[in-house]
Amino acid sequence: MKPKKPLPLDGRTGEGGGQLVRIAIALAAVTSQAIRIDHVRGNRQGQRGGGLKAQHVSAIQWLMDASGAEVDGLAVGSQSLEFRPSLPPTALQGRKFDVVAGSSASSTLLIFQAIFPYLLFAGNASGGPIELEIQGGTNVSFSLSYEYLDQVLLPTLKNKFGLNVERQLKKRGWSMGPLSKGCVSLKFQPLPPGQSLKLQESWDRPITAEDFKLKQIDASMLVPYALREPLEKALVNNLGQLFPDVDINFVVTEDSGHNARMYTLLVAHSQTGLRWGRDYLYDRAWKKKTLETLSSEIARKVSKDLYKEIAIRGVVDEHLQDQLVVFQALAEGRTSFHRGTGQADTHVDTNVPDDVDASFKDPKLEDRMRKDQTHKPFGQGSKHTTTARWVASELLPTIQWFNRGTICDGAGICFS
């Protein structure tokens, strides 16, 4: 039988960066579908550069070996990539895997995102868990951090899809300051053969103003020791003004080990279990700034970003929305993780005014279902989210999206 022609994808579409590559390769491996990406990371000209980066090569190399794929163009800087897998996830024999990123600036968490869908469907008759160790960066630019993975993404996957991923930060790796590889380990139970990924609750649970009453805000600070006290005070002051009467818990306070390493994450928790994260890996000139100036600048930005995120009344934050698209696409049945369209000056408090209930409208409760066109990035949300929907729809044409991407009927992937 003549090999099926690879599905062509233009790497300049939508956000036109590494996310497009990761999702395309991940879904191609799961479905054993050949793809070709031209103009890889074509929208990343300039300092960040186009073409494959070391982290992409590491992830694709692992998926190539696991899926028995033939690959052309697998090299750092490559502008074109062809990936032709042949083995489904259930053919995977091992249960313990190590991935070493090409550089300390390569994100371990982005590598995990690329290979996790394949591993998720790698259940076998033995029923054993999968153990994964990845070496590379844990707090790097243009990537989710280990803290965001630990406090936002993985808890959401557990709550919404029943996916329990044990994780441990063995060593931290930064893209700021002296470079050194970090290490994370993860352990999880893949789906048994014949079982699909399913939402654990009703997809159309009504969203009300009650969902936006905050219970607490968790703060993580990875900063030089001298900055810890002034930053904590600045965060308490800024958050106290924006979120009066909300408890603030400092869950991670760690010396970053170098003056160039400054990372802060805020995670807000609602009374009903929703969570939103906003973080800031400081990347500006800092040597001529006082501790008070740095603290004020960091605290003001991350606190204001969190306030704006919650004020638009979405059930997920901007970054979580795009990271959940792959799971929506693979899942059986209907899911909805909309991000609101409200204004940033909406009141955010533990005591939401009565008139908010009257004006709040659940975006899922429209008069009718309007099917989305998927031939280009579409729907509401960030450019990363709209691009993720497009890529998923190209690889899994049976999925359907409605009402500007707020509702998804997934492909219901499973392997017998």
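This note goes through the predicted model point by point, from its strands and helices to its cavities.

1. Basis. The model is predicted: local features need pLDDT of at least 70, side-chain atom pairs count only at pLDDT 80 or more, and totals for chains, interfaces and linings use all residues. Residues are numbered from 1 along each chain as its sequence is written, and side-chain values use heavy atoms, with hydrogens and water left out.

2. Helices (H or I, at least four residues) and strands (E, at least two) are DSSP runs, numbered from the N terminus. Strand β1 covers residues 7-10; Leu-7 and Leu-9 form its covered face, Pro-8 and Asp-10 its uncovered one. In a regular strand the side chains alternate between the two faces of the sheet. Strand β1 is joined to β2 (residues 35-38) by four bridges, and the two run parallel; strands count as paired if DSSP finds at least two bridges between them. Leu-9 has Ile-37 of β2 as its bridge partner.

3. Ala-24. This residue sits in helix α1 (residues 18-31). Ala-24 is buried, with a relative accessible area of 0%; buried means under 20%, exposed over 50%, and partly exposed in between, with a 1.4 Å probe and protein chains only. Leaving aside neighbours within four places in sequence, Ala-24 is in contact (heavy atoms within 4.5 Å) with Leu-9, Ile-35, Ile-37, Val-391 and Leu-395. Ala-24 and Glu-394 are 370 residues apart along the chain, yet their C-alpha atoms are separated by 8.7 Å.

4. Strands β5 and β6. In β5 (residues 96-100), Phe-97 and Val-99 make up the covered face, while Lys-96, Asp-98 and Val-100 make up the uncovered one. Five bridges link β5 to β6 (residues 130-136), again in parallel, and Phe-97 is partnered by Leu-132.

5. Helix α5. The helix has 18 residues (225-242), which at 1.5 Å a residue should span 26 Å; its end C-alpha atoms are 26 Å apart, so the two agree. The expected span is 1.5 Å times one less than the number of residues. Leu-227, Pro-230, Leu-231, Ala-234, Leu-235, Asn-238 and Leu-239 are buried in α5. The buried residues of the helix pack against β9 (214-223), β10 (247-255), β11 (263-270) and α6 (291-311).

6. Gly-277. Strand β12 (residues 275-281) holds Gly-277, which is buried with a relative accessible area of 0%. Setting aside neighbours within four places in sequence, its contacts are Tyr-148, Val-152, Leu-266, Val-267 and Asp-317.

7. The three-stranded sheet. This open sheet has the order β13-β15-β14 and antiparallel pairing. Its edge strands, β13 (334-335) and β14 (400-402), each pair on one side only. Three bridges join β14 to β15 (residues 407-409), and Phe-402 stands opposite Ile-407.

8. Cavities. How many cavities of 30 Å³ or more does a search of the whole structure find? There are three. On a 1 Å grid over the protein atoms alone, a cavity is a set of points where a 1.4 Å probe fits but cannot get out; lining residues have an atom within 4 Å of a point. Grid points are joined across faces, edges and corners, and a volume is the space filled by probe spheres set on the points. The largest cavity holds about 150 Å³. Its lining has 13 residues, with Lys-160, Glu-201, Trp-203, Ile-207 and Ser-336 nearest the centre. By class, six lining residues are nonpolar, three polar and four charged. Here Ala, Val, Leu, Ile, Met, Phe, Trp, Tyr, Cys and Pro count as nonpolar, Asp, Glu, Lys and Arg as charged, and the others, Gly among them, as polar.

How values were computed: 1 Å grid on protein atoms, 1.4 Å probe; cavity = no way out; pocket = protein on both sides within 12 Å on 5 of 7 lines; lining within 4 Å.
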